[in-house]
Amino acid sequence: MKFGEHLWTHLTPEWYSQYIEYDQMKDMLSAYVANTQHLSDPSNDLARQLYYLQADEAFFKYCSTELSKINTFFAEKLAEALRRFEPLKVEVKYTEEHRRHPHSNSSKIFPLEENGSINKYSSLSTKKHKDRTLHMKINDLKLALSEFYLMLILLKNYQTLNFQGFRKILKKHDKLFQTNRGEQWRINHIDIALFHQSKGIDQLIHDVETMYIDKLEHGNRTKAMQRLRVPPLEEKQPRIVTFRLGLFIGMLCLLCPLLLILGFAFRKTITGKEVLWRSTFHVYRPLFLIILHICFVGLNVYGWSHAGVNHVLIFEFDPRSHLTYQKLLEIGTLLMSCWFLSFIAFFIASYYEYQPFIQPLVFTLFLLIFFLNPSRTFYHKARFWLLKKLRQVICAPFYHVDFASFWLGDQLISLELLFFDIEYFICFYIYDTNWSKTNIQRGALCSGWSQFLIQTILIILPSWFRFAQCLRRYRDTKQKFPHLVNAGKYASGFAVSITNAIRRSNDRYYKNNKKSNPYLYLWSITALIGSTYKLLWDLKMDWGFFDKNAGENQFLREQIVYPSKLIYYCVIIENIIFRYIWIINIFVYFDTEMGEYSDIIGFVFAIIELIRRFLWNYFRLENEHLNNCGQFRAVRDISVQLTSTSAKPYSGHLDKISKENQLENYRHAQKRHSIVNFNDQNQIILPNQPLASIDEDDQHSSDSQTSLQSKTEQIVDEINEILTIESSNMFLSENNRIE
């Protein structure tokens, strides 16, 4: 594998703008070599070497810029690591003290009484509560340290990749220019560079490993290193999962045509009665939508992983244990195969008139057991995480709202038909005592105005969940924009659902003159306003498009992740069409023949909405990923305590670096331009001025870089000195304790 591909595969996506611009530098060297063909005498070695000397002026200047950028970023991240490590050390110390001396007043794990002593009510329940609290505290510390350890490994990887990048590109420079100036520049600048020479990260890694092994795992190194294990940068799929996924896909290829054949062959029962396909359709379609959405999310994860969108960080999954795209697709295809088998069993039972509607009920119970199963089987961590997030969504006003929670709420909005069909499913199985027929008297809650009311309440629930989340975020942040404005978007969904319910409930009064139904126009207006509101929010807020600083990415944003701009423009058009596809319902309303199949049309609209959400997910997470890149956030922020006062020296250094490093816009990394130009025929145009000449602006920039580098050197030297002193103090303190 070429180093450029190796670098792109192993770099930390959120820091990509702070790595060496290896491909750019390689293109520069290739352009210089190609440019020698335009010399007056290309065969003249002396003229070529003189040109290479001039080219080196610009090339090494660019190398210096890259080196300064890398040194500065590394110094900042090292300072951040030092500041984050300090409170973790303090917490581990307090936890260790309490575990050894549970009744000591110096322990800060539990609150003290007013007289400064631990509560002396030594009941059994109090002791259990303290033990449980201590256990939770230790688990929190283990999680925080493992995430901090991951950050250190990423920084170590940052050091290694950048050093390899400089070594490779300078070696390539010497090979192309037939000189050793690149090697000399590496010895004089890279080998003594701050990011390469600093041992701060190695020391922190050693300290974390030692602390974790000795303090949290009682000397069990194997167990500690298993917990600290850093996941591979390239996710490898288990072979057994790949095999099962292929097996289930093969089953679907057989079951799908088989279902169509049986559906056509068993249109009537053995006694000649019609199969109640409409009722069957209503009880099976919500289950199909759930399973289809699981498959779509699996495809989303595949796209995010291959495009470098760090969904693991965005959803705050455990990077050491989470579902890969193949595992999600395995679950989706397994459940889809079971859905087809259940449907086939229904047709067979219908043909023999043997209680066919038991089949969808059994399959529904199977799904509930699959997801609610409390045993540690069938990806239990993922299932428990999903149930936890669903609880937070349903009880939105009472829980803090994170990205995963409101993302899940948005997914539920695309499953509104599922909520609508809940009323039919319950009424069908409660009031239809004979499941082979549906022409019996329904209960009061399943007919008339009560039915429309219940359906409306159910279909409003997803919008209510997101509305409540927006209010909670406003309460937490006190920001009217965007949270209250976003809440208004979901409130418009209330109006659409309510006016649509009123329209449907009054249809029977306007059968002869449908155009005179005023509620049709009221629903159309609210739906038009709601769709426009949501469309604008999708494009501008959720996806970040139509940025005024988009540059060459017209109508998009300054940075894009996916390979082709055409994809973005196609998705914008798709989103506009799918947002207004409900207009077809107006034609269905006036067409009596089409109205007979309104349930099928509604199902098709639901699938279209899932497709829209499937595409929406790609660009929503891309936008969130770029926000993380702007903040250089590469690991989860897990805090067990506010930074203690002993960490203030590190905080001061970090603030000092932030003021002096002059890094270009964190949120939007600036694009760097090559010093060589290409004409329409991709040929090199020689600069008018000698490459050795540097104008006043370039000289000023060079002076600034020199100043920046000297300041960065001073800061990192101070950080390394503090790190050495702290480590020595910690070592002496441990020795004194042992003695």
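Tutor: Welcome! In this predicted model, local features need pLDDT of at least 70 and side-chain atom pairs count only at pLDDT 80 or more, while totals for chains, interfaces and linings use all residues. Residues are numbered from 1 along each chain as its sequence is written, and side-chain values use heavy atoms, with hydrogens and water left out.

Student: How many disulfides are there?

Tutor: A disulfide is a pair of cysteine sulfur atoms within 2.5 Å. C427 and C446 are joined this way, with an S to S distance of 1.7 Å. By this rule the count comes to one disulfide.

Student: Which hand does the link of C427 and C446 have?

Tutor: This pair links distant parts of the chain, 19 residues apart: C427 is in helix α16 (residues 416–431) and C446 is in the loop between α16 and α17 (448–477). Helices here are DSSP runs (H or I, at least four residues), numbered from the N terminus. The angle about the S-S bond is -75°, and the link is left-handed.

Student: Is C295 buried or exposed?

Tutor: Buried means under 20% relative accessible area, exposed over 50%, and partly exposed in between (1.4 Å probe, protein chains only). C295 has a relative accessible area of 14%, so C295 is buried.

Student: What about C395, at 29% relative accessibility: how does it count?

Tutor: The value for C395 is 29%. That lies in the range between the buried and exposed cut-offs, so C395 counts as partly exposed.

Student: Where is K175 placed?

Tutor: K175 has a relative accessible area of 71%, so K175 is exposed. Its place is in helix α4 (residues 124–177).

Key:
Helix = DSSP H or I, 4+ residues; strand = E, 2+ residues; numbered from the N terminus.
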